[in-house]
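Here are my notes on the model you sent over. Have it open while you read, and go through the points in order.

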Amino acid sequence: YRSLKDQIEISLRPPTPPSMVVQSAGTMESGGYQSQIGTPTADSKPKPEAPKKPSEPVRAEINQALEAMDAQRYGEANSILDALLKKNPKDAKALHTRGVVELQQRNFVEARKWLEKAIAAKPDSFDTLFLLGDSCLKDGKLKEADDAFGKAVALKADPFAMINLADTKKRMGKLNDAVDLYRKVYQMDGNLIDAKLGLAEALLDQGKNEDAINLVNEALTTEPANPLGHFVKGKILYRSDLVEDAIGELKNAMAGAPEHEFISTLLAKALLTSRKYAEALDVANEILRRNPSSWESRLFLAEGLLMSGDTDNAREQINECEKIYTGSQLSLMKAKLARKLGENEKATEYFQQYVAGEGNNGYAMLEYGQYLDEIGEFKNASEVYSGVKTKYPNTALFVTAENRLAQVTAKLPQEPATGAPANTPKAEPGKVKY
């Protein structure tokens, strides 16, 4: 899910900021970062600030905590930082680093708590705002992530912070804002592959498949092994119902970045669509093994169980997911469960929550329209498809909606032609005209 947005979205992207930016312990503390996927040119790669030489004991202790964190001695790192904070509870650097230690362990709620305290002590810290946005995004707190990344970008027009902000807006369904930000970064540095591929994915979500394909091909021409490039290409193929080709591209992406949940999640989805159930569940279980808090994988497992008819265990996975995530993808899975149980009224309500949570994304609207068609709500389905055509002219979404609208319109009761005799027999209820 957004990742499995149809999907993925994603986006809780692995222990790295969702815009494919990763920070090592040292760079997170000092404010530097680097592209994780792709190889930016020397000019495009951000230049980390040189770590300041420790001039006071507190700086030396911060460095000791970071070294302990790098060695995964998290308890030791926390003890060092807690001792500092006992002396000065408003030590912004110690609070920031305490948040970093939690973020490294994927304890997003705790990370946010410490980073928010650091911001209260030093509101103009770009680095802390950046990591606060990252922890919020990974925890599915999109509004909070949008706020944090927005404040970070206001302090500094940093390309990677802008990419993270664009990624957040994309997940919120604010595709026009996302596209504008990606274009700004692309104009700042045309060699930055992350911006090009982020723009491609946003354009794909707008149904502008040709533009997305062109950008992905440009990126893969520059960097043939770029995992994110193969991921976006796989997503394009999946959206085009070329599932086997999509699986091949996603496996290429996994080979280059096996740790990335958003790639493996879409791969699992594609495998499930291809009815390769055992392989799909293996991928999902591996994600959960590495990250037990992965809500995307729980929703995927729920979908797999639903497809096999095991509604009880599917419900259990949905309930477990709800403990850590309450976004639009959860609403979608609740809708699918209700539909499977024949509870169409509940399913309709959850589908409406899903579409609203996705910002009326065209693909979400198509999925809702298909559901309405399946339960015989042809008039409502036609209205949804008409809405897609109005909102997404000159796109692949428009073409799909137009084709489906023609099919569902043929199922509507046919009104008698003007001037027809009064005794013209009415269409029989339940009859479908093709």
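1. First, a term: buried means under 20% relative accessible area, exposed means over 50%, and partly exposed is in between, with a 1.4 Å probe and protein chains only. By that cut-off E249 is buried, at a relative accessible area of 13%. E249 sits in helix α13 (residues 243-256); helices here are DSSP runs of H or I with at least four residues, strands are E runs of at least two, and both are numbered from the N terminus.

2. What does E249 touch, not counting residues up to four places away in sequence? The list is H230, K233, G234 and L237, where contact means heavy atoms within 4.5 Å.

3. Some housekeeping. This is a predicted model, so local features need pLDDT of at least 70 and side-chain atom pairs count only at pLDDT 80 or more, while totals for chains, interfaces and linings use all residues. Residues are numbered from 1 along each chain as its sequence is written, and side-chain values use heavy atoms, with hydrogens and water left out.

4. Now look at α8 (residues 159-171) and α9 (residues 175-188): their axes come within 8 Å and cross at roughly 160°. Axes are lines fitted to C-alpha atoms, for helices over the stretch in contact, and angles run from 0 to 180 degrees between N-to-C directions. That makes α8 roughly antiparallel to α9 (over 145 degrees; under 35 is roughly parallel, 65 to 115 roughly perpendicular, the rest oblique).

5. On the α8 side, the contact with α9 includes P159, M162 and I163; on the α9 side, L181, Y182 and V185 are among the residues involved. The contact divides into 11 nonpolar, no polar and 5 charged residues. Nonpolar covers Ala, Val, Leu, Ile, Met, Phe, Trp, Tyr, Cys and Pro, charged covers Asp, Glu, Lys and Arg, and the others, Gly among them, are polar.

6. Helix α7 (residues 142-155) packs on α8 at an angle of about 155°, with the axes 9 Å apart. α7 and α8 are therefore roughly antiparallel to each other. L142, A145, D146, F149, G150 and V153 of α7 meet A161, M162, N164, L165, T168, K169 and R171 of α8. By class, that contact has 7 nonpolar, 3 polar and 3 charged residues.

7. How many disulfides does the structure hold? The count is 0, taking a disulfide as a pair of cysteine sulfur atoms within 2.5 Å. C136 is buried, with a relative accessible area of 1%, and C321 is buried too, at 0%.
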